[in-house]
Amino acid sequence: ESHFRASEEHELEAVGKKAWDNPVYNGSPSTSLKIQAIYNPKSILENPYENFEEVGDPLPYQEKQNKAVDGKTSPFLKCCFYIFRGIRGLWGTTLTENTAENRELYVKTTLRELLVYIVFLVDICLLTYGMTSSNAYYYTKVMSELFLQTSTDGRVSFQSISSMADFWVYAQGPLLDNLYWTKWYNNESLAAHGTQSYIYYENLLLGVPRMRQLKVKNNSCVVHDDFKEEISGCYDVYSEDKEERVSFGLINGTAWRYHSEEELSGSSHWGRLTTYSGGGYYIDLKLTREESAEALKVLKEKLWLDRGTRVVFIDFSVYNANINLFCILRLVVEFPATGGAIPSWQIRTVKLIRYVSAWDFFIVACEIVFCVFIFYYVVEEILELRIHKLQYFTSIWNILDVVVILLSIVAIGFHIFRTIEVNRLLGELLKHPNTYADFEFLAFWQTQYNNMNAVNLFFAWIKIFKYISFNKTMTQLSSTLARCAKDILGFAIMFFIVFFAYAQLGYLLFGTQVENFSTFVKCIFTQFRIILGDFDYNSIDNANRVLGPIYFVTYVFFVFFVLLNMFLAIINDTYSEVKEELSSQKDELQLSDILKQSYNRTLMRLKLKKERISDVQKALQNGTKELDFEDFKNSLKELGHADHEITAAFSRFDKDGNHILDEEEQQQMKHDLEAKRVALNTEIENLGKSYGDNNLDENLTYVEARNNHANKASWVSKEEFQVLLQRVLQLEQSINSIGSKIDAVVSKLDVLERNKLKRKDLLGKP
């Protein structure tokens, strides 16, 4: 029996779940057929067909085919064909390639997708962090301390405003002092800067500040009949339909006439109490402190603020050229219908001018790469959607892909809009420096843009799980959540019934006295904080000394000790089941197997890996006339060989099937092994010469040495070869499919048996 036939039989006998494409044919010319064969990388007898297509003489049908192609196809068309095939290969994914029956192709495709996606993730991280600055926090901190906490001569600060009188004290004192910096710390004049104000000597005040108020109509609410004689007017809480739009007071300026949101190009504001429109009565302050102080004095004397006033906005913007950041400030004082004042603020530090420093121009390059990636992924998703139709949206990962792409496209569009709008606003400001610089709208959308990019980056990181899910260890999280989803949903209904019942109870018991329970929404978040251990028990106890402790103790017991631990028990039990099932499953081809295979091949070519043939020869060197199978098996298992490999090698030479190799059978095995060793040594020597001469085409490979004694007339025709090839491929696919189904059935039977045993143990049955 020839060595070629024996090796083929051995490969078929040694086939296991880790079989994959034979790397023998990976180097074949593009015009030849790609052959897939059963191959086990741990085969005791090395593949005799290795380097098959590196032989000096090509097969007869290959010569004819190559000549036909070269004769019929021009170099230009061949080049276009290769370019088109290469471009098409760029969008090869697990959804566009047929990876269902080829585990190795699935792993390799997933690995390629992962490497490309890592580059995209690095790029989007650079873009996202390039929009921010480490100085932004300190810039915000400096501005907030200056305008919110500073008071002049011990007077009122913004945060301590509690009435209209306090508001006027702050507006005419600390506000003007902080807005207009006209002197150095040694009282020398800043005349060199003209009329412009440089806050902290570094931050340019853009244009002039604007003060705006919103009012409600008189008699917008109903006074009870018993109090009509004592109470002359009624001003309801703010709502847009009850907003006052009639001119009042002096009537001869913008401060006394109403302007709509469209006239002011304003936008609504979400305050502490309600949402306010972008219209109202406004006044733009002046370029100097003296003129602004005079304007505020007139407003105070003419009673600009009255019982109908519900909110006052103070808007202004500053720019720091040292760090290229804008700071847009909005100071808000709400005057509720209860009386008093509630101060709040909104400080947005944003980077509106993008391209200044060298780092900014590096970000430009990243933006170009980002646009290329988005185009790449758009085409990829279109191809997948065209193949799978609506079935495409059944996967959560595909939906996540679409979300990331849509958010990225919106981000690109807003980036273009923001650049154009900033240039327009700065151009108008330079033409009219004494007008209000309205950056509020742009700052708002820049903040939303940053928030959108933050969410997009979060989804981009989560998407990594899509590419590492081929490893069963990485699927434990998703498998656990998917399996316990129904149990968690049913439990969540019970949990939130109890949770909302306690939230309603807390709102009614403590809502009038404790801020954390003042609204139903605040009650919900307060109860989540109690679960995490963040609570103020004294405020609950002071609000209701009887029901407060009862509420707290029962809530902690039922929600924290009972319901929360039931929730954790559901997840823990499901995780244990998933982990047990995964441990019982047979290992499929993993990424580590691909890497190990490449590593082992490299070591073989560098002669750093011991030949397996010597291991078999050692097992034969016992000097006995008869070799028992068990001794042969034990000797090779100590050297790290698998049982099925040992059995296949032994059975090939055990002609009589008595599990004992007699002297003649041992001599036959030694003869074949020695021949194999000589051929391998010849190949290794030739490989060494090829590395030295850097010319692989001149080497004498093992196959070439064997073919020197072969008869070329014994080669099969191309048609016969294709028929045999198709039959082998069909047989391989059928065997793989049947094996996978059998493994799935066995796994399910094991799970059912374990569950049956668990139920018997719980019922106390033997």
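1. Phe520 sits in helix α15. The model is a predicted one.

2. Two helices, α14 (485-510) and α15 (520-531), each give at least two residues to the patch.

3. How do α14 and α15 pack, by angle and axis distance? The angle is about 115°, and the axes are 9 Å apart. From α14, the contact takes in Phe495, Phe496, Phe499, Phe500, Tyr502, Ala503, Gln504, Gly506 and Tyr507. From α15, the contact takes in Phe520, Cys523, Ile524, Gln527, Phe528 and Ile531. The crossing of the two helices is right-handed.

4. Gln527 deserves a separate look. Gln527 belongs to helix α15. Is this residue buried or exposed? Gln527 has 0% relative accessibility and therefore counts as buried. Setting aside residues up to four places away in sequence, Gln527 touches Phe499, Tyr502, Ala503, Tyr551 and Tyr555.

5. Arg529 and Asp534 form a salt bridge, with the closest N and O atoms 3.2 Å apart. Arg529 has a relative accessible area of 33%, so it is partly exposed. Asp534, at 42% relative accessibility, is partly exposed too.

6. Next, Lys463 and Asp401. Their side chains meet in a salt bridge at 2.8 Å, N to O. The pair links distant parts of the chain, 62 residues apart. Lys463 is in the loop between α11 (440-462) and α12 (464-468), while Asp401 is in helix α10 (residues 396-431). Both Lys463 and Asp401 are buried. A network of salt bridges links Asp401, Lys463 and Lys466.

7. Asp236 and Lys242 make another salt bridge, 2.2 Å from N to O. Asp236 is buried, because its relative accessibility is 18% and the buried class ends at under 20%. Lys242, at 24%, counts as partly exposed. The total comes to 15 salt bridges.

8. Asn203 lies in strand β2 (residues 203-215). With 4% relative accessibility, Asn203 counts as buried. Which residues does Asn203 contact, leaving aside neighbours within four places in sequence? They are Tyr139, Met143, Ser197, Tyr198, Val318, Tyr319 and Asn320.

9. Two non-glycine residues have positive phi. For Tyr201, phi is near 65°, a positive value in a residue other than glycine. Tyr201 is in the loop between β1 (198-199) and β2. Its relative accessibility is 25%, so Tyr201 counts as partly exposed. For Ser265, phi is near 55°, again a positive value in a residue other than glycine. Ser265 is in the loop between α7 (261-264) and β3 (269-270). Ser265 is exposed, because its relative accessible area is 51% and the exposed class is over 50%.

10. Glu290 is in helix α8 (residues 289-301). Its relative accessibility is 58%, so Glu290 counts as exposed. The C-alpha atoms of Glu290 and Tyr180 are separated by 9.6 Å. Along the chain these two residues are 110 residues apart.

11. Finally, the chain as a whole. The protein chain contains 24 helices and 10 strands. Of its 766 residues, 39% are buried. Among contacts between residues at least 6 apart in sequence, 68% join residues at least 24 apart. The accessible surface comes to about 43600 Å². Carbon and sulfur atoms account for 59% of that surface.

Methods:
Residues are numbered from 1 along each chain as its sequence is written. This is a predicted model: local features need pLDDT of at least 70, side-chain atom pairs count only at pLDDT 80 or more; totals for chains, interfaces and linings use all residues. Side-chain values use heavy atoms; hydrogens and water are left out. Helices (H or I, at least four residues) and strands (E, at least two) are DSSP runs, numbered from the N terminus. Axes are lines fitted to C-alpha atoms, for helices over the stretch in contact, and angles run from 0 to 180 degrees between N-to-C directions. A crossing is left-handed if the near helix is turned anticlockwise from the far one by less than a right angle, and right-handed if clockwise. Contact means heavy atoms within 4.5 Å. Buried means under 20% relative accessible area, exposed over 50%, partly exposed in between (1.4 Å probe, protein chains only). Accessible areas come from the Shrake-Rupley method with a 1.4 Å probe; for residues, only the protein chains shown count as cover. A salt bridge is a side-chain nitrogen of Lys or Arg within 4 Å of a carboxyl oxygen of Asp or Glu.
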